[in-house]
Structures are given as C-alpha cells and as structure tokens.
Amino acid sequence: MSAAVWRERLGVEGLVEERPGEWVVRAELSELPALADRAAGSGLRLASLFGTDEGEGRTAVHHLWACAEPPGFVRVWAVVPAGAGFPSISARHPAANWFEREVMDAFGPVPAGHPNPNHVSLHDDWPEGAFELRKDFDERRVVPRVGGQYRAYRPVTGEGVFHIPVGPVHAGIIEPGHFRFGVAGEPVLYLQLRLFYVHKGIEKRFERLPWRHGLFLAESISGDTAVGHALAWVHAIERLAGVEPPPRARHLRVALLELERVYNHVADVGAIATDVAFTVPASRAQAIREDLVRSHERLFGSRLLRGTIAAGGVKCDLTLRSRKELMAQLARLGRDFKDLVSLLIDSGTFTDRVDGTGVLETQVARELGVVGVAARASGLDLDLRRDQPHDAYRGLRFEVPVEEVGDVRARLMVRAREVEQSLSLLAQVLDALPDGALLSPLPDALPAEASALGWAEGWRGECLHWVRTDARGGIDRVKVTDPSSRNWPALVRAVPGNIVPDFPVINKSFNLSYAGNDR
Amino acid sequence: MNLVDSFGLGLLQAAVLLALAPLLRGTIKKLKAAFQNRQGPPLLQGYYDLAKLLGKEPVRSDVSSWVFVAGPRVYFATAVAATTLVPVIVAGAPLEEAGGILVLVGLLALGRFFLAAAALDTGSPFGGMGSSREMAVSALAEPALMLGLFTVALWGGSLNLGDLVRTTAARGLSAHPSDLLAAAALFIVLIAEAGRVPVDNPATHLELTMIHEAMVLEYSGADLALVEWASALKELLFMTVLVNLFLPLGLATGVGAAALAIATGLYLAKLFLLSVGVTLVEVTNAKLRLFRVPELMSASLGLAFLALALRFL
C-alpha cells in the first residue's frame, strides 16, 4: 500500500517495500537530482548519502530519505560506471554536502556540480588514488604519506582582519579538530572546520569482522553514544535476520537509551556552565552525572552502558529490587536537576551569556539536515522515537520538546526538558516491565546479498546503520551515520556574528562528537 | 630612617609579600573548591608550581625579540618595586619617600605595558587577542583606580600612601559614603586586575575566552613562573592597599614585638575576609560576555567619580 504512495509521489515505477518501513528504488544516475527534488518536495528529509562498491570499478550512490508519514525511510540508488562521476545534489540540498565529498574520498567518483568539490575526510598527506572503501583496498597495508603544501584556507583581507588558528591540539582534554576563525577584532566573520583527525576506518573494519562481532565495534564508534550506536546496529542485524526481540528486552532497551540520554544531557548542562565560568552549577551537574554512572556500573557492569545490548535482545536484566532502587535514585536526580536548571536560568549573568548566542536559524537547520537536540532547539520537530518508533517507544507516552530560537539557551532548554521526558519514560518502563525472555535466538547466518537499515534516536540525535551482506552472508558494507556528521556544518553557520570568546560555549551547546564524525 | 635602612626594609617587605602571595591564591582556590563541594588543590600548590616552573628551561620562539624576554622580568620587577610603596603592617611604607599613588599606578602600568608588548612580539594570534583585551579592560580600570585613590588622598591631604594610612588610622573606621563608594570602586578594580570571574577566569582551559592567560600563553618555564608570581603579588598588593586604606585597624605605629604581632594577625585576618569576599563574587557569577566587561569597569569608574564628588559636598 505505502509502496504505491511512494511510487506516485516520486514518480518512479520500480519502487518496492523491501522491509516494513524501508522502500527502495533503483534509478538511472541522471535521474538522481530530479528524484531528490521530488523527494524533498514531498516532505522527505535527507538522512544519509553513501556509496557502495559494485565491483569492476563501479560505484553505487545511495540517497537515504527519512519520512514521518508513512513512517520509514526511502532509499534511492544508482550505479556510477567505472571512471565516471555522479550528479551532485548539494547545490540544491546542502545536507548532501559532506556526504557527497565522503563518497568521492572513499570511492573515487567526483560529484559533478558540487559547489565545493574538495576532500572532506582525507587530509593533504593522503596519496591520490587510494580509496579506502573500495574492495581492492587492503586496510592492513600502510599507506605511504605524501608531502606537499597544505590546502589553503579561504583567505581574509582588509584592515585589521586576520585568522585565528585553533587546534587540532587543544588546551583542554578534548578530541582533535582544527578551527580556523576569520575575525575582525573580536567578531567572527566566518569559521572553517577541518575534522577527520581521528578517522579510524570503522566502516572498512566492519567488512572484515564476523557479523556477530560487529556489535563491539558499533558501540565503540562514539564512547558517549554506546547504546545509541549499539541499538542502530542490532536493529539492522535483526531486520536482516528477521528477528524480533522479546518485549522485556525492548523495554529494557528503552531504559538503557534513556539512561544514556540523561547522563549525557546532565553533563552537557554542566559543561555549558563550565564554559561561562559558572562553577557551582558546573560541579553540581558533575556530581549528579557521577552518581548516575556509578549506578550504571553497579546495575549493568559498565559506567557508560557498554555491553548491555545484544543482537536479538539485551545482555542485562533488572530485578524488582534494583528497579525500585533505580527509580528512587532517578526521582532524586529529577529534583536535583530541576534545582540545577533553575539555579542557571535564574542567574542574570548566566542568561546574559546564553541568550541570543550562537543562533542557528530554523531555515538553515532544515537546509543542512540538522538532527537531534540542535534541530529541536531550532524549531525542527524531529525525533525518531516518535516519528519512526523503534523498540518499545510506540506504546509509551512522551513529548518531544521543541524550542524556536536556536540559541545556546534553546539547546540548553531542550536538554533540560528532554531529561524530564526521559525520567517519565524511565518511570513508565521500570514500573511495568513485561516478564519473559531477554533474547530471541538468532539464525546461524544472515541472508546473502541483502541489506537493511537500523536506526535509533541517540541522545545527540539519530544514529543510522545501513548494513549489506555479501554472497556468503558476511558483512559487505556498513554505512554509519552519526548525528555529529550532520550537525558539524551547522556550527559553522551558528558562529559568525558572535565574538571569539563566545565560541567555546556555542560549541559546547552543540557538543558534537569528533570520533563519531570521523569514524 | 636613613636611605640604606629603608632600602633594606623595602627589600624585606617585598620578600615577605612575595613569599605570601602564592598562599593567598591557594586560599582563594581552596575557598572556591569548598563552595563546589570539592577538595581543591593543596594550599601550597602555588609554591609547588613555582618551584616546578623555575626549574624548567623556558621555550622561546625563534622569531621573538628581546621584548619577549624582557616582558616577564619588567612585569615582575615593577610589581616588586610597587610593594615597597605600600604600608603593610606598620603605618608607613619602607620607601614611601620615593613616591606615592602616582608612582604606584605608573609602575603597575609599566609592567602591564611590557607584558602586552611581549605578547604581541611572538606574532601569535592569541597573544594579540590577549593584549588587546587586557588593554581594553585596563584602559577603564586604571582611571577608576586613580580616582578611587584620589578620594582617599583628598581626605589625607597627601598622595603618599604612608601619610594616607597614618591619617586614616588616626581617624579610625569611617562609614562616610565617599569612603564606601571608593572602596566599592577599588574592589571592582581588584577583581579586574586579579583576572577573576566575572571579568576573567583564572581557571579556564578555553584559550579563546582568556584575557590575562591568553596574553601569557606563549610563556613557559622560569619566564612563566615570573609572570605567575608577579600576578599573585599584584593581587596581594591590591588587597593590601584596599584593607589598609579602608579598614585601618591595628596597624602598628611603633616597632614593639607585641604591636607587630597583633598587626600581623589582624592583617592576615583582614586579607582572609577580603578573600572570602572575592570568592563569593567568583562563585555566584558567571563570567561576563567580553563586551559587557567595559560596562562593569564603567560602573567602577562611576562609583569612584561619585566618591570623589562627595568629598566636596
């Protein structure tokens, strides 16, 4: 039924429903831009764009679109002949910008008509013609580094206008990334980013792993999103294997994902206070987070909830007594956190720093395909838990907080309100946990030459894993889409017009992962 | 007193204050940590840091000139020289005949000028950013400091800090609105000069938000030790001026052992009280947006001006 809807909306014949909520159509390469326009015109949003190796030097380009009504994802793909380029959609759909350049960097085909067809993931010392995601690239071989001039940054000219280079090594203990500010005194004219300093070839690594081991890699993609990425991975595997986890497991997964959201949001609220030197609330937030992650260790054996999710279910359980304990602790946490938030927003010097700082406008956020907290703070009402529900979310009551202004305060308030919702979700789940098994049995092998998408709304935003199997049922290709890679380009748009000393707090209000982006 | 004696006394006072300065910073850090339910670094951490830094070779950029080397030395020397003009526990300063308020402010300005010039010397963008920020703040802090001190000078009829302390000590505690306003103005100057929240954040790791720290980012080893030590001394100096001008209780007028002991105890107690005040300001405020700092400094200037005007009413 819904396949017919999509055939009509997109005007394509061959579209089929591959699995529930996943529609796929193969198109001609030249049709891709027109199809992208039609998809965007019928309310779809670009969720990911990636390449696959089709053998004999051919590459396929896949456009993945998300839709709330009917809920699911539409994948449009086309094959690029060996040695050819592919038509770029970035000029009309800026959300595709980094994705298309990543396809170029990892597979070779050049996006024709791209407004800025430069490397994004490859640094200047990477040799030409080495494409890491092609099947003929051996990742165990050491790639020789090449010398040469570093790619120039956009120059600045004018009286008193200059560059401030920051990073990749920073003064604090944070991940590496290079920021290049063009400034006139204190006001920032523009910001350029250079990331991918911690590119580890995770997508390539998946291809060499037995599919049952992929989970360990998935939960290491970004240390603070262990549950989010683990869920996206197991969802893809379960959809491939045709396995549905038992109800108790699906509810426990909700609890784990919400606990991850709570500890990260609390830490972020404290980090925003740290960045404006508001020390008392900052250390209170740290204490609240620490209490919670200690309980994680006691209850699940891991402070950051690693090793809790399994393909087909979960690896941990909660007894009635530990549920009661956890609920009591979460009730305390809710009160402490509420006090903390009012301590912040009742302080004039604090609100003066966060109000109107680092505004990301709704229109810009929509164009760039921003997701998660940052999207909801800029007036985009998106949340996979509600729009494309996974695990037990369909049966639970919760709201999706949305703020309109898009400044640091809005991102702070979205976090604060989401913590309330998460606590309510946790109360619902812990109060009425269905009895039964924790794991559904998995088949011995995955179906050959099949593909499936797994998704989860992590605390930072949507985590997507697209998994394709080869002729023997092993992993052929995994595309990991981390919310950070969707949101980094938005930071570039939120900073200009602000002053240099406000950058750290703007950056912190997005709190994007370098590891997740660089993979 | 002859010149040799007062010179010796001046050196002694400078040495004692230099020895005390890191402890003051340690105390404020401890107090601040207590407000956050943290343990904080040891009280003596400042001394450990200085010892560590002094034992390390400074790394200097190839492209920097003699200005970069001179910066910390001039900054340190001016701060030490300034301490000899300030009465600490005795109602009189060792080298008070050498100069008064104007020399004190001038010495501190000279040190700051050299540090800012040195920060520009390496050509690193952070140095330039720090220098421009520091100068913007001090352009407003300096007049406020002068006006605040002039208010007291008008009362005492002298620009000499020794004379002033003797007059205020003889007069006793004053709740004259003019004194209160001048004290408030100088307190704000203290916050700014010491690089404390809400003007600057001495504990930050965020190089983009720093004022004073951005300026000295290029320094290392013994050079950095000099800067840190001089900054701590400057903070102690401001606090000493503040407590001795506005709370002139128990300053020793003679050289009796008992009087000196009481004066020392009271001085330390007053410093502690003022440190608690500084800490309270630090923990109850977020750092101001950089472009709001001039507003705070203008408020200080306004207070100082009012204080001065009230003298003539």
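In this predicted model, B:A144 is in contact, beyond its neighbours within four places in sequence, with B:A185, B:V189, B:M297, B:S300, B:L301 and B:A304. B:A144 also belongs to the largest nonpolar core, a set of 251 residues, where B:A144, B:A185, B:L242 and A:W65 are those with the most contacts inside the core. Helix 9 of chain B (residues 221–246) supplies the largest share of this core, 17 residues. From chain A, the core draws at least three residues from each of domain 1 (2–112) and domain 2 (202–357 + 385–399 + 416–481).

Within chain B, a pair of helices may be considered next. The axes of helix 4 (residues 101–121) and helix 5 (residues 125–156) of chain B come within 10 Å and cross at roughly 175 degrees. Because angles over 145 degrees count as roughly antiparallel, helix 4 and helix 5 of chain B are roughly antiparallel to each other. On the helix 4 side, the residues that meet helix 5 of chain B include B:I101, B:V105, B:R112 and B:L120; on the helix 5 side, B:G127, B:E134, B:M135, B:E142 and B:L149 are among those that meet helix 4 of chain B. The residues of this contact divide into 11 nonpolar, five polar and three charged.

Technical notes:
Residues numbered from 1 in each chain as written. Chains lettered and ligands numbered in written order. Predicted model: local features only at pLDDT ≥ 70, side-chain atom pairs only at ≥ 80, totals over all residues. Axes fitted to C-alpha atoms, helices over the stretch in contact; angles between N-to-C directions. Helix = DSSP H or I, 4+ residues; strand = E, 2+ residues; numbered from the N terminus. Parallel < 35°, antiparallel > 145°, perpendicular 65-115°, else oblique. Contact = placed C-beta atoms within 7 Å. Nonpolar A, V, L, I, M, F, W, Y, C, P; charged D, E, K, R; others polar. Core = buried A, V, L, I, M, F, W, Y, C linked by C-beta atoms within 7 Å. Buried ≥ 20, exposed ≤ 12 C-beta atoms within 10 Å, placed from the backbone. Domains from an automatic or database assignment.
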